[in-house]
Amino acid sequence: MGAGLAGLAAATDVAAAGREVVVLEARDRVGGRLLSRDLGDGVTVDLGAQWIGPTQDRMYALGRDLGVSTFPTYDRGDTVALLDGRRYRFSGRLPRLNPVVLADFAAAFLRLERLARRVPLDRPWEAPAAREWDAQTLETWIRRRVRTDTARRVLRLFTDGVFTTEPGSLSLLFALWYIRSGTSLENLVSTTGGAQQDRVAGGTQTLARRMAERLGETVVLGVPVRRIEQTGGGVTVAANGLAVRARRAIVAVPPALAARIEYAPALPGTRDQLTQRMPHGATIKAMAVYDEPFWRAEGLHGQAGSPGLPVSFTFDGSPEAGTPGVLVGFLVADAARRAGRLDAARRREVVLECFRRYFGPRAARPRDYVDQDWSEEEWTRGCYGGHLPPGALTRYGPALREPVGAIHWAGTESARVWAGYMEGAVESGRRAAAEVLAALDGPAASPSATTDEAAAEG
């Protein structure tokens, strides 16, 4: 259940093996955390997941299979940063700061990279110093290891952008595993050569729509799953006005939402304790549309950042043709929570003032504007994904992927590689499908249905 990339990938693989599937989706659309909006005049913006990059081979292969092309994120020009009351324009990773600050930041950045390489992807709780790392927050580590205040604030800017929550909210072990899952911290924060390298023509939700089209009527929208009962060697899944009987079920929704489903019998305590500890980050993604990407003519690539502004970082979100111009801004963690309490008009003012400070007065006068507060999305409740506080990964980590009877778990939070990303969602769905197919024995049964019940295998 769940018609995001994880659920659709799982259903595709199970169906390809000759089994019957039913995909139940609470929303009235497919895509989950993929949300593309047509603003007219050929402008489509991604209000959810937007980028793919090197080593995300499943996503590139999926695009080719579905006939969806990619194009590079605009990345030619200088970066803008606002720090300690100054505006910096520079190329490379950081502006020309005090050499002591730069050395302090670089040492911490490289230290995180080295520690992350020691964390096993499959079993992070078995890392050499797993208990030590899981007993502290990322913030504790930053305070102990980073000496200068400016370097601390810059490092937090990077980590807030990656995790969308404050470093005091997540375990150091979880942070290291997440970095390892995305290959490196350098890749996670980079554009060309990194996680933000490429975009999907027509918007990322196109991928989900085409996957759903192939699955046809087996994808049922507007049916939130309320209860999963395991009886007689199978499961009965109760959704709004619909009951599905199957031999196996794949729950492809975030752990925090999976916990809201009623299970009979109740899930093991370790799984429940895990989901109690895995909230989502807070993210508001904002888009401003201009007649042209005016920052390019000024030698800027649209990427900017500041630890002191509500919009902590920006990208050029213009279409492949180059016009109109689109600026993408992210409000994350506490900044997103504060902005989420504002009315729409006031939040727009806050965002556009940040754009003005980054890119000048023209940035305050877009021809169109739209934003998405993912914490207010009923069937998501935050973005980009879930995170774990101290103590959770070493105590409950195995429950993230371990099946419970006939119930299997998918979703980007349960991925081994690129957890929290589209690549991770597809990987998790295919892993869950492989588990289901391995567990099923004998030929696929012919389903039977009544007016109140539909049977399916999946």
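Start by selecting A304 and T314: A304 stands opposite T314, which belongs to strand β17. This is a predicted model, so treat everything on the tour as a reading of that prediction.

**Stop 1**

β16 and β17 run antiparallel and are joined by two bridges. Both belong to an open sheet of seven strands, which you can follow in the order β7-β6-β16-β17-β18-β15-β19, with mixed pairing. Which strands are at the edges? Colour β7 (86–90) and β19 (368–373), as each of these pairs on one side only. From one strand to the next, the twist averages 20°.

Helix α6 (residues 149–163) touches β6 (78–83), β16, β17 and β18 (325–332), and its direction makes about 120° with that of β6. Helix α13 (residues 333–340) packs on the sheet too, touching β15 (283–290), β18 and β19, with its direction at about 100° to that of β18.

**Stop 1: P307, in a loop of the sheet**

Go to the loop between β16 (300–305) and β17 (313–316) and select P307. Is P307 buried, partly exposed or exposed? Its relative accessibility is 34%, so P307 counts as partly exposed. Leaving aside residues up to four places away in sequence, P307 touches L82, L83, R153 and L157.

**Stop 2: two cis peptide bonds**

Most residues other than glycine have a negative phi, and most peptide bonds are trans. The next selections are worth a look with that in mind. Move along to the loop between β17 and β18, where P324 is found. A cis peptide bond joins T323 and P324, with omega of about -5°.

For another cis bond, select C383 and Y384: the peptide bond from C383 to Y384 has omega near 5°. Y384 lies in the loop between β19 and α15 (392–396). C383 counts as buried, at 6% relative accessibility. While cysteines are on your screen, select C354, which is buried with a relative accessible area of 2%. How many disulfides does the structure hold? The number is zero.

**Stop 3: two threonines with positive phi**

Select T164, in the loop between α6 and α7 (172–181). T164 is not a glycine, yet its phi is positive, at about 55°. With 0% relative accessibility, T164 counts as buried.

Then jump to T55, in the loop between β4 and α2. T55 also has a positive phi, of about 75°, although it is not a glycine. T55 is partly exposed, with a relative accessible area of 43%.

**Stop 4**

Just after α2, G67 takes a positive phi of about 75°.

The contact is made by D57, R58, M59 and L62 of α2 together with M422, E423, V426, E427 and R430 of α16.

**Stop 6**

Two bridges link β4 to β8 (residues 198–200), and W51 has R199 as its bridge partner in β8.

Finish at β2 (residues 36–40) and β3 (residues 43–46), antiparallel strands joined by four bridges. G40 has V43 of β3 as its bridge partner. Two residues separate the strands in this hairpin, and D41 takes a positive phi near 55°.

Conventions
Residues numbered from 1 in each chain as written. Predicted model: local features only at pLDDT ≥ 70, side-chain atom pairs only at ≥ 80, totals over all residues. Heavy atoms only, no water. Pairing = 2+ DSSP bridges. Disulfide = S-S within 2.5 Å. Buried < 20%, exposed > 50% of the residue type's maximum accessible area, 1.4 Å probe, protein only. Contact = heavy atoms within 4.5 Å. Axes fitted to C-alpha atoms, helices over the stretch in contact; angles between N-to-C directions.
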